[in-house]
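Work through these exercises with the structure open beside you. Try each task before reading its solution.

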Amino acid sequence: EKLILKLKKKYFFYKKKFDAQSFSIASHKIFEKNDLYDYFYKNKKLLDLLKVFLGNDIVQVNFSRFQINSKQNKKNELDKLNEKKFQQFKGIHNDHWTGTSEYTLHYWMPFSGVDKKNAMTFYPGSHLNGSFPVLNREIDPNIEFKYKPHNLDYLKNGDVVIFHSLLLHKTTGKSTKTRMAALSRFCSLNYKISNQEKDVGFRSL
């Protein structure tokens with residue numbers, strides 16, 4: 001709880017100077033110095049689960065960060081513009097589009113402010129289709145899309161979701177709370193690692 005309060009204070013301070021992406025990376029650096037860092041990313045239950053899919057030679061990609069979904073703002077237009085600038089709200093996408101290997105698993109853990117309206121929505125089975133054609137970082141409208149959404153509206157703070165890099169997903173929506181979540185990526189040394197993942201580096205677990 002003390003860590004969350006510290007991060008929230010940093011969020012409102014940095015919000016005046018940086019965009020959400022810069023803040024999410026900078027604030028995660030604070031988290032990396034906390035004892036909870038290894039607990040969240042290196043605990044036995046998580047590693048045992050990752051071994052089922054990735055084998056024993058697991059690495060964590062060095063681009064772990066926080067994701068911020070700002071609370072709903074019903075004030076004036078300027079506030080709404082600032083909110084849009086400083087939040088990370090994404091439509092349907094997969095993370096392969098942004099340079100992640102097709103052999104990578106994603107880790108997503110909301111730790112503050114998650115509720116039924118601002119969680120994540122997944123499209124089960126979409127990862128079996130490969131990487132959907134994309135136009136301007138959105139699904140090409142000429143492609144027939146038959147997958148049905150599944151809203152993870154039952155998640156609680158501290159729940160962890162592990163998903164494939166090709167799985168289509170989106171931010172469900174916004175609520176009266178600012179939702180903060182930790183993101184990370186895991187892959188195997190025995191499978192293909194993308195150039196982007198090589199550039200940012202990784203650490204063995």
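**Exercise 1.** Is tyrosine 191 buried, partly exposed or exposed?

Solution. Start with the cut-offs: buried means under 20% relative accessible area, exposed over 50%, and partly exposed in between (1.4 Å probe, protein chains only). Tyrosine 191 has a relative accessible area of 40%. The residue is therefore partly exposed.

A note on the source: this is a predicted model, where local features need pLDDT of at least 70, side-chain atom pairs count only at pLDDT 80 or more, and totals for chains, interfaces and linings use all residues. Residues are numbered from 1 along each chain as its sequence is written, and side-chain values use heavy atoms, leaving out hydrogens and water.

**Exercise 2.** Find where confidence is lowest and highest in the chain.

Solution. pLDDT is the predictor's confidence in each residue, from 0 to 100. The chain's mean is 81, and 80% of its residues reach 70 or more. Helices (H or I, at least four residues) and strands (E, at least two) are DSSP runs, numbered from the N terminus. Where pLDDT is low, the predicted coordinates should not be read in detail.

**Exercise 3.** Classify the ring pair of tyrosine 103 and tyrosine 191.

Solution. Rings of Phe, Tyr and Trp (its six-membered ring) pair if their centres lie within 6.5 Å; planes under 30 degrees apart count as stacked, over 60 as edge-to-face and the rest as tilted. The count of aromatic pairs comes to 10. For tyrosine 103 and tyrosine 191, the centres are 5.5 Å apart and the planes at 10 degrees, so the pair is stacked. Tyrosine 103 sits in the loop between α5 and β3 (105-112), tyrosine 191 in the loop between β10 (179-188) and α6 (195-200), so the pair ties together parts 88 residues apart in sequence. Tyrosine 103 is partly exposed, at 39%.

Now compare phenylalanine 145 and tyrosine 147. Their ring centres are 5.9 Å apart and the planes at 65 degrees, so this pair is edge-to-face.

**Exercise 4.** Which residues touch the most other members of the largest nonpolar core?

Solution. A nonpolar core is a set of buried Ala, Val, Leu, Ile, Met, Phe, Trp, Tyr and Cys residues joined through side-chain atoms within 4.5 Å. The largest has 16 residues; Tyr41, Leu50, Tyr107 and Phe186 touch the most other members. Its largest share, 4 residues, comes from β3. Ring pairs also link Tyr37, Tyr41, Tyr107 and Phe186 into a cluster.
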